[in-house]
Every structure is written in C-alpha cells, then in structure tokens.
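Open the model in your viewer and keep the selection panel at hand. Each stop below says what to select and what is there.

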Amino acid sequence: MHELSLLENVRGILEDHALKQNFRRVTKVTLEIGKLSCVEPEALRFGFDVVMKDSLAENAELIIAELAGLGVCRQCQQQIEMETLYDPCGYCGSSLVTVIQGSEMRIKDLIVI
Amino acid sequence: MCGICGCGQTNTTAKLKPVLGQRQHLLKHDHSHNDNHSERLVKVEQDLLSKNNAYAAQNRTYFQQHHIFTLNLVSSPGAGKTTLLVETIKVLKDRFPIAVIEGDQQTERDADRIRATGVPALQINTGRACHLDAHGTGHAVMELGVKDYSLLAIENVGNLVCPSSFDLGEAHKVVVLSVTEGDDKPIKYPDMFHAADLMIINKTDLLPYVDFDEARCIQYARQVNPDIQIIQLSATKGDNFSAWTDWLVENLSPQ
Ligand SMILES: Nc1nc2c(ncn2[C@@H]2O[C@H](COP(=O)(O)OP(=O)(O)OP(=O)(O)O)[C@@H](O)[C@H]2O)c(=O)[nH]1
Ligand SMILES: [Mg+2]
Ligand SMILES: [Zn+2]
C-alpha cells in the first residue's frame, strides 16, 4: 500500500513538472532509491504501470538506481557500507553508526516529449 | 478552497487534462511535421515525499507558532497506544490542554475512548491507506481547534512499516512496543525504530508470562538508532508510568 501512495506522489510530481517545464508525455522515469529506505524496488516496479495508467506517464519506462547505504562509526570515525540500518561497524564492531547515505527516495530525472 | 493549504484549488490533474487532450489530437494526424517534440531530459531531483514534507513543514511552523507540542505515536496494532493516551490524559489533563487525533482505517472507537476522558479528539479514517499524512493531519488540527500551549497526540494507524516515512510535522515520533510482540521488533522493522526519538516498551506487567528479553530489545533498538530514548512501563497497571509523564512535562516545558 505504501509503495502505491509513493507512486501516486511520483505521478503528482510529474504532473507539476509537466506544467512548469512544458512537456506532455513522459517516456522514462529514473528514481534513486537508497538501500536503507523503506521502499521495496520490486513493489515499485509492480505498481508503476498501474498507477501511471491514464496519466502522462502511461507506458513510461521505469529505471530504479539503487544508492548504497553508507554510515560513519561514532567510535572510530571510519566510513562503512551498510546493508541494513543495524549493521555494526566493520572496523571496531561498535553499533553506534550514523547513516549518511541510503535513506533517499528521489525522482532523479525524466525523459519527456 | 482550503485556507491552510489551498488544496481545494484547481488541482493539477484538472489543469492537465486539456494538455493531454491536445496531445491525443496531435497523435491522430500523421507525423508529417518533423519531430520537433523530440525527447529531452528533464532534471527533477525531488524527494518522492516532497509534497508530504512540504505540508509537514507547514504543520510544524503552525505548531511552533502556537506552542503546540505534537507527538506522533506509532506501533503495531494493539501495542497499547490508545490505552497509553487515556491513562496519560487522566494524569495530565489538569496541567495543560490536551487534544488527540486518532488515525485508524475504520471506526470511531479510539476517538470515542479519548472523548470519554473529556478531551477533544478527532478520528481520521484512512480507509485503504495504512498511515496518516501531513495534509490530512493539518486539516484535522484546524477542525479540532487545538488550543495554544497544548499537548497534541496523534495516534497513527497501527502499522510498523508505512508511517515511518510520513512526517506529520510532529516534534517526536514515539514508537510503542509491547512485550507480547517479541524483543526483535526493532531489527525486524528498523525504519520505524530509526525514525523514532522515544521507544516505550509497554505491557511490562506481562513480562513474567512471555519470553521477552528487555536488555536484548534495548540493544537492538540502539543498534538501529543509537540516540533512541527508552521507557519501560505498564499502561494498564501503572508501573513506571511517571517516567513517561515526566518525559512529557520535561519536553513540553521548553516550548
Ligand atoms: N496487560 C496489559 N495490557 C495492556 C496494556 N496496555 C494496553 N493493554 C491492552 O492491549 C489491548 C490493546 O490496547 P489499545 O490501547 O487498544 O492498543 P492500540 O495500540 O491503541 O491498538 P490499535 O489502535 O488497534 O493499533 C487492550 O486490550 C488493552 O487493554 C498493558 O500495559 N498491560
Ligand atoms: Mg488505538
Ligand atoms: Zn568503528
């Protein structure tokens, strides 16, 4: 359900940009989804065609670029790659890790006509 | 048109229809004109939740201007959010005004439970949606007429997944976890525990009957969110309840 409401937001943003940037149709949508965000790329793909039906992005291609999760350890200051929000530091084992990248859910760009 | 957010104004879909109609027309006649509507790249760089975030920012400004201390309570269904609120109101309602917004997919039941305490409550039925959003919250605040210097508690739909990404403009997200749900919830639903500032471990009166390791639960929660504050209590039996009401009073005062 959550992914569907996110996709409705995507459609809304496309419609806003269509007015502001003067285009009529979207043929490709590129999203950037962080690995640590709470959306499931597969569920987005699944819902995309349904939500975009009868809109300016009907039949548009969906590209999902995944952004890696990155954190900084508060104990040893090393930067680490994170697969989950609860990964401990790979250098010192501390669980005090601040997320610095990976929570993003963005529309990056569009190909439009 | 809506006074808070202008949402009743001609919406974008309505504005867009003529544009689409035109396009359909263009498609019908043959493509003799050279393809001047060729493809181009448009940079967007916009958060998927940018609309919700804009409404949330509006709500937050309103709350600050009116000294309203707002909490967004989240949990799985049945963790004890409404019970916690009812008991909190009993203790604190003579100290400062309290108002409650109740989010559930269906029924007025939780709002009725709050109203029975003498505090104003508004029920939002989200229908198929599994979370409250900032736009609906803003409307509810206006409809409810929340007093200045209030505590405003928003009970979100029982769901540990979706409400985590929808900012309502609250000062803090408070996640309620009951001991019957298992001590590994923080790592099973990390987004919510990452987003919350306070975790309440509720139903501690049931600890003797369930396998729930409090220390392990706290460790998991800190792994997901090193800064999370934690209070263990029983909403029905009242054990350690004052830790929570003290937290409220302390956080409300600097407003
Ligand atoms: N034993 C025990 N039961 C509790 C406690 N707090 C709540 N309950 C019970 O748990 C059940 C659910 O409580 P609610 O307050 O309705 O939970 P909720 O989180 O508001 O539920 P939803 O709004 O449906 O998500 C009720 O039967 C409560 O009496 C507690 O501290 N101890
Ligand atoms: Mg409830
Ligand atoms: Zn480290």
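**Stop one: the interface**

Select chain A and chain B together: 42 residues of chain A are in contact with 40 residues of chain B, contact meaning heavy atoms within 4.5 Å. This is a predicted model, in which local features need pLDDT of at least 70, side-chain atom pairs count only at pLDDT 80 or more, and totals for chains, interfaces and linings use all residues. Residues are numbered from 1 along each chain as its sequence is written, chains are lettered from A and ligands numbered from 1 in the order in which they are written, and side-chain values use heavy atoms, with hydrogens and water left out.

The two chains bury about 4,000 Å² between them, 60% of it on carbon and sulfur atoms. Buried area is the accessible area (1.4 Å probe) that two parts lose on being put together, summed over both. Now pick A:Arg24, A:Leu85 and A:Tyr86. In chain A these lose the most area to chain B, together 18% of what that side buries.

Show A:Asp109 and B:Lys43: their side chains form a salt bridge at 3.7 Å, N to O.

Which elements give two or more residues to the side of chain A that touches chain B? They are helix H1 (2–21), strand E1 (26–34), strand E5 (97–101) and strand E6 (105–112) of chain A. Helices (H or I, at least four residues) and strands (E, at least two) are DSSP runs, numbered from the N terminus. H1(A) supplies the largest share, 14 residues.

**Stop three: strands**

Select E6(A) with strand E1 (residues 40–47) of chain B. They pair in the antiparallel sense over 6 bridges; pairing requires that DSSP finds at least two bridges between the strands. Within E1(B), B:Asp47 is the bridge partner of A:Arg106.

Move to chain B. Strand E7 (residues 198–202) and strand E8 (residues 229–232) of chain B pair in the parallel sense over 4 bridges. B:Leu198 stands opposite B:Gln229 in E8(B).

**Last stop: a salt bridge in a helix**

Select A:Glu42 and A:Arg45. Their side chains meet in a salt bridge (2.7 Å, N to O). The two are separated by about one helical turn because they are 3 residues apart in helix H2 (residues 41–52) of chain A.

Methods
A salt bridge is a side-chain nitrogen of Lys or Arg within 4 Å of a carboxyl oxygen of Asp or Glu.
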